[in-house]
Every structure is written in structure tokens, then in C-alpha cells.
Amino acid sequence: KILILDFGSQVTQLIARRVREAHVYCEIHPNDVSDDFIRSFAPKGIILSGSHASTYEDHQLRAPQAVWDLGVPVLGICYGMQTMAVQLGGSVEWSDHREFGYAEVRAHGHTRLLKDIQDFATPEGYGMLKVWMSHGDKVASLPPGFKLMASTPSCPIAGMAHEDKGYYAVQFHPEVTHTVQGQAMLTRFVREIAGCSGDWIMGNYIEEAVAKIREQVGDEEVILGLSGGVDSSVAAALIHRAIGDQLTCVFVDHGLLRLNEGDMVMDMFSGRLHAKVIRVDASELFLGALAGVTDPEKKRKIIGGLFVDVFKAEADKLKAGTGGHKGATFLAQGTIYPDVVESGGTKTKKATTIKSHHNVGGLPEQLGLKLLEPLRELFKDEVRELGVALGLPADMVYRHPFPGPGLGVRILGEIKPEYVKLLQRADAIFIEELRAARDASGKSWYDLTSQAFTVFLPVKSVGVMGDGRTYDYVVALRAVQTSDFMTADWAELPYSLLKKVSGRIINEVRGINRVTYDVSSKPPATIEWE
Ligand code: XMP
């Protein structure tokens with residue numbers, strides 16, 4: 001296993017992710033763990049991360065002495081390279097000026113780390129690497145025994161190596177995808193240089209996570225808010241695997257879910273996994289509070305607020321305990337790593353609120369519960385892999401995202417129970433056909449799009465059906481392709497597919513007589529209509 005010592009970089013989790021992608025087990029710990037801890041961890045290799053800032057105090061951060069005494073390979077990245085240089089007798093030039101972004105690095109010296117790894121070669125035959133740099137300070141002189149491994153015009157010592165000891169260091173960031181060969185370098189380090197076998201798979205994560213959950217929870221009880229989304233579902237399955245009936249899931253059905261979704265969630269968790277799930281059917285409460293409300297942000301606030309109230313009421317009951325139960329002391333959440341970053345785990349400035357997103361932040365404090373977040377270190381695709389390894393069905397785990405306020409923001413303006421029913425049925429047809437239709441390579445159009453759904457437009461238009469005139473509602477189909485949901489293109493769905501969907505909706509959903517396709521990209525439109 002690999003030990004990653006974190007000096008506070010925003011991308012340390014990415015190092016861990018790349019190591020896992022190389023099928024090697026790793027753990028991240030703070031840079032100032034004790035020598036004893038490192039010895040008992042017994043890593044086969046150690047990675048020193050970058051650091052976020054250029055404040056003077058950060059220059060004092062050092063790796064524990066045991067790192068150098070253990071006799072195992074060490075890879076220093078960015079700040080990790082600088083501390084390696086300082087601790088082993090080289091020197092660093094501290095600077096306020098930051099070099100940031102794309103760079104081309106020339107490889108030197110045929111080191112084991114970079115051998116045969118390159119993006120292109122110069123006419124003189126030097127191997128070149130396309131990398132991502134983010135640093136101010138740089139190594140000014142090599143420590144004794146080290147040789148130059150890489151350089152750029154502005155950073156003459158961009159990489160260094162002491163091959164007998166297995167020490168390597170790079171000023172650039174191999175863990176980010178902009179460094180094209182980054183994965184290859186990290187795989188080389190953990191597998192070939194540190195000698196890890198590379199047979200770790202996401203399924204193994206279950207065992208480690210289960211052990212950690214058991215240790216953290218002991219014999220106490222846990223509440224989890226199950227939404228049917230990927231993250232809370234995987235968290236529920238994982239925690240249930242660890243502590244069984246010590247977990248109670250609370251599933252608040254606000255009546256604005258997709259067709260039959262509530263039943264499917266119950267079938268899966270209560271029926272198949274035998275988890276304790278309390279289903280709170282609050283649709284009347286929600287629809288009642290939403291009656292007459294047309295403003296999208298007001299609708300979001302009402303849904304989000306009520307959701308918290310309903311959930312809290314259930315949680316309070318579970319906290320109090322009944323009969324044989326002592327009462328819950330933990331609240332579990334399916335927080336994943338990108339959520340940690342977004343909610344200010346890092347220094348990024350908060351973007352302006354275009355749409356207030358519904359979440360249950362602040363709940364644990366309000367409820368006086370301890371927090372259990374077993375997915376905090378994982379990225380979305382890893383959470384999905386874990387879900388499959390836990391036995392959740394692939395079509396649940398690979399589902400498109402669904403907003404917290406649900407159909408509440410897909411029915412434009414006022415929400416009426418009648419509209420919800422029409423939209424649920426139209427949307428189910430769209431999704432069913434998307435799953436069934438395939439492109440030339442055999443991939444389904446559901447998998448070829450990032451998010452697809454139907455929007456209910458509360459306007460009536462004239463149609464003709466049989467001999468009669470109709471005067472019914474309109475729906476819009478929306479399907480987008482995006483990698484980050486910040487920008488998105490409308491998907492070029494085949495006409496044959498659109499034709500089939502529109503034909504089925506108009507024939508099967510009485511009350512809708514017109515279907516349109518949304519051909520707006522984001523920006524300037526958003527993905528949802530409200
Ligand atoms: P927009 O419409 O802002 O959507 O382009 C970007 C992504 O965010 C989702 N979304 C929401 N998710 N609560 C959520 O949990 C919300 O209020 C909300 N509004 C939008 C949207 O589905 C898309 O994936």
C-alpha cells in the first residue's frame with residue numbers, strides 16, 4: 001500500500017484517485033503524522049503532495065523523518081518536491097511569482113520514472129511531456145546524489161531523481177488530467193518502483209470502508225436520508241453492509257418524483273437489501289404548500305424547507321428511540337468528494353447563485369447528530385463502481401442526475417397534481433425510448449446523453465385527433481451532453497427516436513397533444529427550465 005502525505009493541496013484527492021486507478025491501495029494522511037505512525041503503516045512507497053498556498057508558514061511544512069529512514073521509494077509532487085530538496089540537502093528559491101498552467105517539460109537522464117513515457121520528441125531526440133504546472137517556488141540546487149530528471153526554460157529543475165534510493169520528484173502535477181502522461185507516471189511509481197502488485201479493485205474498498213464504519217459507529221445507531229439518487233443509495237447500501245439494522249433510512253417522498261420511483265426505491269432497499277426504510281409519504285403536504293406558487297426560487301425554497309422539516313421530524317423520533325432502541329446518534333450523508341470541494345472545503349470563490357440548489361446542509365448541527373460520510377473521498381465514477389460492487393443495479397447507479405426539487409422545477413409555474421401525473425407519464429415514455437434506442441456502436445441514447453427529461457408547459461394548443469379537435473397541454477423534451485453540467489450542448493438525438501417518443505406521448509398520455517424538442521445550449525439557456 002501507498003501512503004500519501006497531504007501538505008494541503010486542493011488536488012491531493014486526485015493523487016489518491018490515480019493510485020486507485022492503478023489498482024493500488026492508498027491512504028491520505030496529514031503531512032505531520034508521527035514517525036511511529038509511518039512505521040506502523042508500513043507503506044511500500046510514499047507520495048508527498050503539493051501544498052495550496054505560498055504563505056511563508058507553509059515553507060516550514062516538512063515530511064516526518066521516518067519518510068527518509070524507512071528505505072522505501074518516495075515521490076514528491078510540487079511542494080513535495082521542494083520539501084524533499086530542502087530536507088535532503090538541496091535548496092529552494094522561494095518566490096511570490098506563480099507559474100500556472102500548461103507547460104512543456106523536457107525529460108533528462110533516462111530515469112526509471114520517465115523511461116519511454118513521453119508525448120512527443122524534439123528533433124534532437126529529447127522526450128517531451130505536456131504537463132500542468134502550478135507553483136511559485138522552485139528547487140534551485142539538487143540535493144547530493146540526485147540527478148536532473150526534467151526541465152523547462154523557466155524552471156530548470158522541474159524534476160529530480162535519486163535512483164538508488166528510489167526518490168523521484170516533479171515540480172508539475174502528474175495527478176491532473178492536463179498532464180497527459182500523469183497516470184502513466186503514477187502507475188510506474190506505485191507499481192514498478194514501489195513494487196505494489198496492482199490487484200486492488202474498487203470492490204476491495206468495501207471491506208476497508210465497512211471496517212472504518214464499524215469502528216466509527218460502534219454499537220450506536222445511524223439515520224440516513226435516502227433520496228433514490230446515486231450518492232445516497234450507494235451510501236445506504238455500504239452502511240447497511242457494515243452495520244445492518246443499526247441503520248435506518250428515511251425516504252421522504254415529496255410527490256415530485258419520477259413515475260413509480262418511490263416504489264422502486266422501496267423495492268430495492270427494503271425488499272431486496274432488507275434495510276430498514278421509513279417511507280414518509282408527504283406529497284399532500286408538499287403539493288398543498290406549493291399551490292398557487294409560480295416563482296421558481298420560491299418553489300425551491302418551499303420544497304427544500306419542507307424537506308428539512310419532514311426529515312427532521314422523523315429524525316427526532318429516531319433520535320429519541322423507542323422500545324429496545326437507544327436512539328440514533330449519527331446522521332449519514334452521501335457526500336462525495338466534489339461536494340466537499342464545492343461547499344468550501346477549498347478556497348475557491350463561491351459562484352453567484354443562478355439557482356439555489358436544494359441540499360440538506362447544516363442538518364447535522366441542527367439535529368445534534370454526529371456525521372457519517374463514507375463516500376467523502378470518492379469521485380462520482382468511483383461511487384458508481386462501488387455501487388455496482390455492492391450489488392446495486394447498474395441502471396440505478398448509472399442514472400442521470402435528478403434535481404432535489406424534482407418535477408417541481410420541471411412543471412413551469414404553478415404545480416398542480418394533474419400536471420405531475422401527466423409529466424410523470426410523458427417522462428417515463430421518453431426515458432424508456434432513450435434506453436431502448438441505440439447508435440451505430442450499440443450504445444443506448446440514454447448512456448450517450450448526460451441528462452434527459454421532459455418539461456411540462458402549462459399552455460394549451462389546438463390539435464386534431466380522429467375526427468375531433470383537441471385543446472391540450474404541451475411538453476418539451478430536453479436532452480443534453482456535458483462533462484461538468486456548467487456548460488452543455490443539446491443532444492442531436494436521431495429524428496426517428498424523437499418521432500417515436502412524440503408519437504407515443506401524444507397517443508398514450510391523454511391531456512398532451514403536442515411535443516417539442518429543446519434545441520438550446522447552456523449557456524445562455526440552463527439545463528433545467530426553471
Ligand atoms: P442548470 O439548470 O442550472 O442545471 O443548468 C445544472 C445541473 O443542476 C441540476 N439542478 C439542481 N439540482 N437542486 C438540485 O439538486 C436544484 O434546485 C437544481 N437545479 C438544477 C440540474 O438538474 C443539472 O443537472
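Reader: Is M266 buried, partly exposed or exposed, and why?

Author: The model is a predicted one. A residue is called buried when 20 or more other C-beta atoms lie within 10 Å of its own, and exposed when there are 12 or fewer. M266 has 17 such neighbours inside 10 Å, and therefore counts as partly exposed.

Reader: Where in the chain does M266 sit, and which residues does M266 contact beyond its neighbours within four places in sequence?

Author: M266 belongs to helix 8, which covers residues 261-272. Beyond those sequence neighbours, M266 is in contact with G271, V277 and R279. R279 is 13 residues away along the chain, and its C-alpha atom is 7.8 Å from that of M266.

Reader: Which residues of the largest nonpolar core touch the most other members?

Author: In soluble globular proteins, nonpolar side chains tend to be buried together. Here the largest nonpolar core has 82 residues, and V222, L224, V234, I239 and C249 touch the most other members. Helix 7 (residues 230-243) gives this core its largest share, nine residues. Domain 2 (202-397) and domain 3 (415-517) each supply at least three residues to this core.

Reader: What does L224 touch, apart from residues up to four places away in sequence?

Author: L224 touches S232, A235, A236, I239, L247, C249 and A332.

Reader: In what order do the ten strands of the open sheet lie?

Author: The order is 2-1-3-4-12-11-10-6-8-7, with mixed pairing. Strand 2 (26-30) and strand 7 (120-121) are at the edges; each has a single partner strand, so one side of each has no neighbour in the sheet. Strand 3 (residues 45-48) and strand 4 (residues 74-77) run parallel and are joined by three bridges. Within this pair, I47 stands opposite L75 of strand 4.

Reader: Which helix lies across strand 3, strand 4 and strand 12?

Author: That is helix 4 (residues 79-87), which runs at about 120° to strand 4.

Reader: Which domains does the assignment give, and how many residues of domain 1 are in contact with domain 2?

Author: The domain assignment lists domain 1 (2-193), domain 2 (202-397) and domain 3 (415-517). Six residues of domain 1 are in contact with seven residues of domain 2. On the domain 1 side, the touching residues are two nonpolar, three polar and one charged. The C-alpha centres of domain 1 and domain 2 are 38 Å apart.

Key. Residues numbered from 1 in each chain as written. Predicted model: local features only at pLDDT ≥ 70, side-chain atom pairs only at ≥ 80, totals over all residues. Helix = DSSP H or I, 4+ residues; strand = E, 2+ residues; numbered from the N terminus. Contact = placed C-beta atoms within 7 Å. Core = buried A, V, L, I, M, F, W, Y, C linked by C-beta atoms within 7 Å. Domains from an automatic or database assignment. Pairing = 2+ DSSP bridges. Axes fitted to C-alpha atoms, helices over the stretch in contact; angles between N-to-C directions. Nonpolar A, V, L, I, M, F, W, Y, C, P; charged D, E, K, R; others polar.
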